[in-house]
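These are my notebook entries on one structure. I set down what I looked up, entry by entry.

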Amino acid sequence: MEYVIEVENLKKSFGNKEVLRGISLKIKAGESYVVIGGSGSGKSVLIKCILGLIEPDGGIIKINGKDTSKMSQKELFKARLKCGVLYQGGALFDSLNVIDNVSFGLIYGYGMSQKEAYKIAIEKLESVDLDESVAKIYPAELSGGMSKRVALARAIATDPSIIFFDEPTTGLDPITSGTINDLIVRCTKEMGISAVSITHDINSLKHISDRVGLLFNGSFIWEGTNKELMSTDNPYVVQFINGNAKGPFTEK
Amino acid sequence: MILDRIGRLFISFLASIGNLTLFSIKSLAAGFMPPYYWKQILGQAVQIGYFSLPVVGMTALFTGMAMTLQCYAGFSEFTAENAIPSVVMIAMTRELGPVLAALMVAGRLGASMTAEIGTMKVTEQIDALTTLSVNSYKYLVFPRILTGTLLLPFLVFIDDVIGILGGYLVGVYYLNFNAANYIRNTFESMATWDIVSGLIKGAVFGFVICLMGCYQGYSSKGGAEGVGRATTNSVVASSIMILLLDGILTFVLF
Ligand SMILES: Nc1ncnc2c1ncn2[C@@H]1O[C@H](COP(=O)(O)OP(=O)(O)O)[C@@H](O)[C@H]1O
Ligand SMILES: [Mg+2]
């Protein structure tokens, strides 16, 4: 079996606060894996460690079979181009308009000419149901749903083999969330891209996941497929899915 | 107790100097390696050079004027009015030009650098740069440090000229100096080294302001409030550094 991402015994603390206490995770090619867990449980830290944005304290991370700690700076940057990221707040560059945002990785990463990059950028905008008319708009003027779309277009612009979605629907209304979910499914399933997503949104979770891991207290306390998620009687999962105030999550 | 506090303060001071040094090495090493982001560098040059001119020019003009008046009040007691043009000249080129320009730039530009980069940091735009395979030190920090270092001397020079002009205006039109004499006295006391040393100071201050501005931006944590705090830190820290380095440089250069 080929894994696009392998994480073994990943550890990370900030000061004396242990955020990740030995996480292991394997993601197959084409698979959509979703990490769930309470706010501040370390979900974002986990994907930032995988992307090399945060240096882990211990453990092994492999992307497409290659140990990232053994990569040179150059290889690492190259590997990152094959990882698209949709950040929690979109993280569009404020100082650049939509088309420059979407074509950024193509120009700076792949060294394409502006003309070439713009052409691809417009294709990518179309694949998230936007068009040329938004090209010259700056991120500050976009609505929440639109800026998520633009961010998604930027994430897929470099033709990544893995995409990371950090709370893609948080802060959006249910209908806009639904369209973003559809887009995520389209980008991953139809293009065969593997995905690692973080979400609190149960609807989104049912929609986009193949496999799910529940993060609690620095490690996965439950892992299973989308189907198992709905039928499990694991008290943690049950509490999380149903949003109960009482349960093992909130016990001390 | 007190010793303990002082010791801890001293250690944290050393640690921040260390971090700052590391930060500048990282940025310079990244920046001097091709490819070069000319668009970024040019954009910063416009920011620093052009948009700082009005503020810097205004302060220089009024400082030059005020200094001439003050000198007159003092010097006329000893009938030493003739020394005024040269005192203004020396004070402007050696001290006030560089320090004033630097303080204004720290307040205007250093602050906005920290706010901009800090916002990028807390909204994950810097992470996004990295995952789109751009070294953020090269893209954000180096252009600012480079243009700051190269352009502050230019601002200092403008500052010198306008300050001296301010002195001339007050001297000739308010204190009724003879214009020709005033000009002759001014130029007679002009020394290349005074001017050059001021420009050197300017370059050092420019480097420090932009370095501090970027560094504090990168250190921002936790949303808008964190960015605000970092911005204040940036201005305070660069202002202190400017005055401290001014003392040291004056000592070294003369
Ligand atoms: N750079 C950092 N420095 C210190 N603490 C951090 C940093 N990044 C995250 N943390 C802490 O790690 C914990 C997990 O954060 P995060 O992964 O963002 O949570 P979430 O699961 O909501 O995405 C939080 O308590 C946060 O305060
Ligand atoms: Mg998060």
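**Entry 1: the ligand.** I looked up which residues surround ligand 1 and found A:Phe14, A:Val19, A:Gly37, A:Ser39, A:Gly40, A:Ser41, A:Gly42, A:Lys43, A:Ser44 and A:Val45. A residue is near a molecule if its C-beta atom, placed from the backbone, lies within 6 Å of it. I sorted this shell by class: 3 residues are nonpolar, 6 are polar and 1 is charged. Ala, Val, Leu, Ile, Met, Phe, Trp, Tyr, Cys and Pro count as nonpolar, Asp, Glu, Lys and Arg as charged, and the others, Gly among them, as polar. Helix α1 of chain A (residues 43-50) gives the most to the shell, with 3 residues. Helices (H or I, at least four residues) and strands (E, at least two) are DSSP runs, numbered from the N terminus.

**Entry 2: the model.** I note that this is a predicted model, in which local features need pLDDT of at least 70, side-chain atom pairs count only at pLDDT 80 or more, and totals for chains, interfaces and linings use all residues. Residues are numbered from 1 along each chain as its sequence is written, while chains are lettered from A and ligands numbered from 1 in the order in which they are written. The predictor gives the complex an ipTM of 0.92 and a pTM of 0.91.

Entry 3: I traced an open sheet of 6 strands in chain A, with the order β6-β7-β8-β3-β9-β10 and mixed pairing. Two strands pair if DSSP finds at least two bridges between them. From one strand to the next, the twist averages 15 degrees. Strand β3 (residues 32-37) and strand β9 (residues 211-216) of chain A are parallel partners over 5 bridges. A:Val35 has A:Gly213 as its bridge partner in β9(A).

**Entry 4: the two chains.** How many residues of chain A are in contact with chain B? I found 16, which meet 10 residues of chain B; contact requires C-beta atoms, placed from the backbone, within 7 Å. On the side of chain A that touches chain B, α2 (73-81), β6 and α4 (104-109) of chain A each give two or more residues. The largest share, 4 residues, comes from α4(A). By class, that side has 11 nonpolar, 4 polar and 1 charged.

Key:
Axes fitted to C-alpha atoms, helices over the stretch in contact; angles between N-to-C directions. Contact = placed C-beta atoms within 7 Å.
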